[in-house]
Structure formats: structure tokens, C-alpha cells
Amino acid sequence: MRNTIKVERAKKDLTQQELADHLSVSRQTIIAIESGRFNPSVKLALKMALFFGCSVQDLFYLEESDLNSI
Amino acid sequence: MKGFLLPHKVQRIALFVILAVLFVISTVIILSIVRDVPTSRVFQSLALIILYLAIICCVFSREKVEDEYISSLRLKSIAIVSIIALMTVVILNVVQVVQPYDKYLALKEWRKEAFWSGSFIIDLAVLYFLILKISIRFKR
């Protein structure tokens with residue numbers, strides 16, 4: 001699964017720490033999500049979508065390989 | 001997982017206590033060697049109890065920001081420690097079985113001492129804490 005959080009964060013001109021503070025998570029969590037090492041819960045994904053003013057599908061999307069492995 | 005963990009402040013205090021106890025123990029041991037005086041049994045027991053309590057407090061306390069990613073790292077650390085514990089038991093069993101009878105009995109006694117004294121559990125707890133801290137620190 002890939003995501004566009006880094007892009008959305010850059011659009012809002014936020015640092016990882018600032019985004020983490022807004023979402024009440026640690027900076028490590030943001031780093032892990034951005035690098036694709038950690039998939040957030042639905043609750044956190046919805047919180048992120050709400051914060052960036054877009055849908056969850058805009059933030060997170062499946063790759064071709066993910067579709068084949070399901 | 002957040003529910004049953006102690007506040008983050010406890011971890012800091014516990015870490016300070018661990019360092020203080022280790023410092024006191026090492027000082028007493030050095031002094032007892034230099035002056036050739038044995039350390040009292042009460043002191044040893046008291047120091048160990050404080051050390052064990054501090055380690056348990058440290059292990060069962062929250063991180064500064066306890067979120068779902070930290071929880072996932074906790075679960076992974078627990079899984080790694082469980083595998084290590086299981087492998088240790090399995091390997092020791094295999095090694096014990098292939099030994100000659102006198103060594104088999106000696107190993108059996110040593111295992112009883114190591115596993116039932118409680119230090120094995122404390123070792124695993126320390127290992128879990130170290131793995132968690134390292135994974136939080138370096139998974140960036």
C-alpha cells in the first residue's frame with residue numbers, strides 16, 4: 001500500500017513533528033507511515049483524511065502487487 | 001495496551017533508580033574487594049528487590065507518546081522475545097538430552113536454578129525493553 005501523505009504534508013508546509021502533534025501521534029508513526037513500513041488503523045487514516053481535507057482513497061491506494069496478493 | 005501501562009514518568013524514575021542501584025552495588029562490591037569484607041546478605045537482597053521492581057516498572061510503563069505504531073512495535077518485541085525464550089528452552093533440552101548422565105544432571109540443576117529463580121523472566125523483560133527501545137530509536 002502506498003500513500004500521498006508526504007505530498008499532502010508538503011502542500012500544507014508542515015513538518016513531520018507538526019503533523020504528529022495535530023494527529024496526537026509520535027513522529028516515528030508519521031515517519032513509518034510515510035515510508036510505507038506501517039499501515040495506520042482506519043481511525044487514524046480517517047483522522048488524516050479529515051485533517052488534509054480529502055478522502056482516505058486520495059491518501060492511501062493499493063499497488064498492482066497488492067491487488068494480486070489479495 | 002495503553003490501559004494497563006504505568007505513566008511515562010514512572011519509566012524515567014525507574015531508569016534513574018536502576019542506574020543508582022547499579023552504581024551503589026558496584027561501589028559496595030569494589031569496596032568489599034579492596035577492604036576484604038563480605039557484603040551483607042540483607043544488602044544484596046534489598047538491592048536485588050529494588051532493581052527487579054525498577055525493571056518491572058520500566059518495562060510496564062508508557063512511552064512519551066503511546067500510539068498504535070508504538071503498540072505494534074511492542075507486539076513485535078514481545079514476539080521476538082517469545083521466540084528467543086522458546087528457542088533457548090528447545091536448544092537447552094536438546095543439549096541436555098545428548099549429554100552424558102552426570103553432565104545431564106548438572107545441566108538439569110543449572111536449568112532449575114536459572115529458570116525458577118525468576119532471573120530468567122527478568123532477563124526476558126530487560127531484553128524486551130531493549131528491543132523495544134532500539135526499534136523505536138532506529139526505525140526512522
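This is a guided tour of a predicted model, stop by stop, with something to select at each one.

**Before you start**

Residues are numbered from 1 along each chain as its sequence is written, while chains are lettered from A and ligands numbered from 1 in the order in which they are written. Because the model is predicted, local features need pLDDT of at least 70 and side-chain atom pairs count only at pLDDT 80 or more, while totals for chains, interfaces and linings use all residues; side-chain values use heavy atoms, with hydrogens and water left out.

**Stop 1: where the chains meet**

Show chain A and chain B in two colours. How many residues of chain A are in contact with chain B? There are 13, and they touch 9 residues of chain B. Contact here means heavy atoms within 4.5 Å.

The two chains bury about 950 Å² between them, and 56% of that is on carbon and sulfur atoms. Buried area is the accessible area (1.4 Å probe) that two parts lose on being put together, summed over both. Now select Q28(A), R37(A) and F38(A). In chain A these lose the most area to chain B, together 51% of what that side buries.

Next, select helix α3 of chain A, residues 27-34. This helix gives the most to the side of chain A that touches chain B, with 5 residues. Helices in this tour are DSSP runs (H or I, at least four residues), as strands are (E, at least two), numbered from the N terminus.

Colour that side of chain A by residue type.

How many salt bridges cross the interface of chain A and chain B? The rule finds 0. A salt bridge needs a side-chain nitrogen of Lys or Arg within 4 Å of a carboxyl oxygen of Asp or Glu. The rule does find 4 residue pairs in polar contact across the interface, both at pLDDT 80 or more. A polar contact is a pair of N or O atoms within 3.5 Å; within protein, one must be able to donate a hydrogen and the other to accept it, and residues adjacent in sequence count only if both atoms are side-chain atoms.

**Stop 2: helix α1 of chain B**

Select residues 8-35 of chain B. At 1.5 Å a residue, the 28 residues of this helix should span 40 Å, and the end C-alpha atoms are 41 Å apart, which agrees. The expected span is 1.5 Å times one less than the number of residues.

Which residues of α1(B) are buried? They are H8(B), Q11(B), A14(B), I18(B), V21(B) and S32(B). Buried means under 20% relative accessible area, exposed over 50%, and partly exposed in between (1.4 Å probe, protein chains only). The buried residues pack against α2 (41-59) and α5 (119-138) of chain B.

Stay in the helix and pick I13(B). At 52% relative accessibility, I13(B) counts as exposed. Step just past the helix to D36(B), which takes a positive phi of about 60 degrees.

**Stop 3: around H8(B)**

Zoom in on H8(B), in helix α1 of chain B. A polar atom of its side chain lies 3.0 Å from the backbone oxygen of R62(B). The backbone nitrogen of K64(B) is 3.4 Å from a polar atom of the H8(B) side chain.

**Stop 4: salt bridges**

The structure holds 5 salt bridges over all chains. Start with K133(B) and E63(B), whose side chains meet at 2.9 Å, N to O. K133(B) lies in helix α5 and E63(B) in the loop between α2 and α3 (68-98) of chain B, so the pair ties together parts that are 70 residues apart in sequence. K133(B) is partly exposed at 28%, and E63(B) is buried at 9%.

Move to R74(B) and E66(B), another salt bridge at 2.9 Å, N to O. R74(B) is buried at 1% relative accessibility, and E66(B) is buried at 9%.

Now go to chain A. K11(A) and E8(A) form a salt bridge, with the closest N and O atoms 3.5 Å apart. Both lie in helix α1 (residues 5-11) of chain A, 3 residues apart, about one turn of the helix. Is K11(A) buried or exposed? K11(A) is exposed at 61%, whereas E8(A) is buried at 14%.

**Last stop: S135(B)**

Select S135(B) in helix α5 of chain B. S135(B) is buried, with a relative accessible area of 12%. A polar atom of its side chain lies 2.9 Å from the backbone oxygen of L132(B). Leaving aside neighbours within four places in sequence, S135(B) is in contact with L73(B) and S77(B).
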